[in-house]
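Dear colleague,

I am handing over the structure that we talked about, and below it you will find some notes on what turned up in it. Please read them with the model open beside you.

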Amino acid sequence: MSDSSLPLVSICMISYNHKKFIRQAIEGVLMQETNFEYELVISDDCSPDNTGLEIQKCIDEHPNGKRIKYFQHKVNLGGLPNILFAFNECSGKYIAICEGDDYWTDVHKLQKQIDFLEANEDYSMCCHNAKVVYEDKSQNTRDFSNIYNDVDFDMATIINSWVIPTASMVIRAEFIKPLPEWVKNIYSIDFTLALLLMAKGKIKFLAESLSVYRIDLGGSSMSAVVGGKIEFVANQHIQLLQHFNEETEHRYDGLVTTKIRKLHNEIRFLKLRRKSPLLALFLMPRLFCEKILNKIRK
């Protein structure tokens, strides 16, 4: 039996050096109009830029500040441990995610997603489209995904394409509590969650953009930290997929092994290109041309 005193939804928000952005992130959550109770769990990872002071101001000044459950670490945990800490502090039946440099844009976002999940118990997650905003204005605002109809994702899509903005995720907590022990060694928590949830149920994608994914390449966001480290990301994804294959007893072995092979080819290509672009063109012409076309499309 559920405890009616607990919030139905916990919003998990991690922050590190997000002083410029955290108020917008918090206000996007606290503006939600719902017919259920929710809490906002904020875990600040010992930010040296006074992010914590800005969070405390929001708690003190916002009419809904009492919804916030705030943790300010005295020692830096690191990105992944901070996320896992915040997850463990979430008490709701559902967990929504909004990192401290993203924000929600629709006052009915949570209500729409929870209404869907409450009516469809075979779904493990509901997510949606978002707008991508470059903080330095180097690129125009664009849609995160080019999917413009509500759809159910399949495992092939989850493994091969990143079409789920992190701040769009609303998930059934029972499917990620507890997370497997190996998750502690993988940085890409959003990809990890998507894989595990797809293996536990269906995933609904709403085409409507209800949040903003902010790219701050000059800051301390994940896009800045790993944006130029493609080989690191590829190797992390290989490790993740290997763990996931074991976790699911090789149920998706064909999809997983094919993706791992592609990631190994990506790493090989990047090493060749560093050594000589002509060598990369000669030995891996197809991948070379794909990279050029992708850059032109952007």
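Which elements cover the buried residues of H1? Before answering, please keep in mind that this is a predicted model. The cover of the buried residues of H1 includes E1, E2, H2, E3 and E5, and the residues of H1 that are buried are Ile22, Ala25, Ile26, Gly28, Val29 and Leu30.

As a reminder, a disulfide is a covalent bond between the sulfur atoms of two cysteines. How many disulfides does the count come to in this model? The count comes to 0. For Cys12, the nearest cysteine sulfur belongs to Cys90 and is 4.6 Å away, whereas a disulfide would need the two sulfur atoms to be within 2.5 Å, so Cys12 is in no disulfide. With a relative accessible area of 3%, Cys12 is buried, because buried means under 20%.

The aromatic rings come next, and here the count comes to 7 aromatic pairs. One of them is formed by Phe71 and Phe85, whose ring centres are 5.2 Å apart and whose planes stand at 85°, so that this pair is edge-to-face. It links distant parts of the chain, since Phe71 is in strand E3 (residues 68-72) and Phe85 is in helix H3 (residues 79-89), 14 residues apart. Phe71, with a relative accessible area of 21%, is partly exposed, and Phe85, with 25%, is partly exposed.

Tyr187 and Phe232 form an aromatic pair too, but this one is tilted, with 5.4 Å from centre to centre and 40° between the planes. Tyr187 lies in the loop between strand E9 (170-172) and helix H6 (189-200), and Phe232 lies in helix H8 (residues 230-247), so the pair ties together parts that are 45 residues apart in sequence. Phe232 has a relative accessibility of 37% and counts as partly exposed.

Arg67 lies over the face of Tyr38, at 4.1 Å from the ring centre. The charged end of Lys109, in turn, sits over the ring of Trp104, 4.5 Å from the centre of that ring.

Is Asp106 buried or exposed? Although this residue is found in a loop, the one between strand E5 (103-104) and helix H4 (109-119), Asp106 counts as buried, at 16% relative accessibility. Its side chain is joined to that of Lys112 by a polar contact of 3.2 Å. Leaving aside residues up to four places away in sequence, Asp106 touches Met31, Gln32, Lys112, Glu208 and Leu210.

Finally, there are some backbone details that are worth checking by eye. Most residues other than glycine have a negative phi, and most peptide bonds are trans. Asn17, however, has a positive phi, near 55°; this residue lies in the loop between E1 and helix H1 (22-30) and counts as partly exposed at 26% relative accessibility. Cys46, which is not a glycine either, has a positive phi of about 55°. Its place is in the loop between strand E2 (38-44) and helix H2 (51-61), and at 29% relative accessibility Cys46 counts as partly exposed. As for the peptide bonds, a cis one joins Lys177 and Pro178, with omega at about -5°, and Pro178 has its place in the loop between E9 and H6.

How values were computed
Residues numbered from 1 in each chain as written. Predicted model: local features only at pLDDT ≥ 70, side-chain atom pairs only at ≥ 80, totals over all residues. Heavy atoms only, no water. Phe/Tyr/Trp six-rings, centres within 6.5 Å; stacked < 30°, edge-to-face > 60°. Helix = DSSP H or I, 4+ residues; strand = E, 2+ residues; numbered from the N terminus. Buried < 20%, exposed > 50% of the residue type's maximum accessible area, 1.4 Å probe, protein only. Lys NZ or Arg CZ within 6 Å of the ring centre and 35° of its normal. Polar contact = N/O pair within 3.5 Å; in protein donor to acceptor, adjacent residues only side chain to side chain. Contact = heavy atoms within 4.5 Å.
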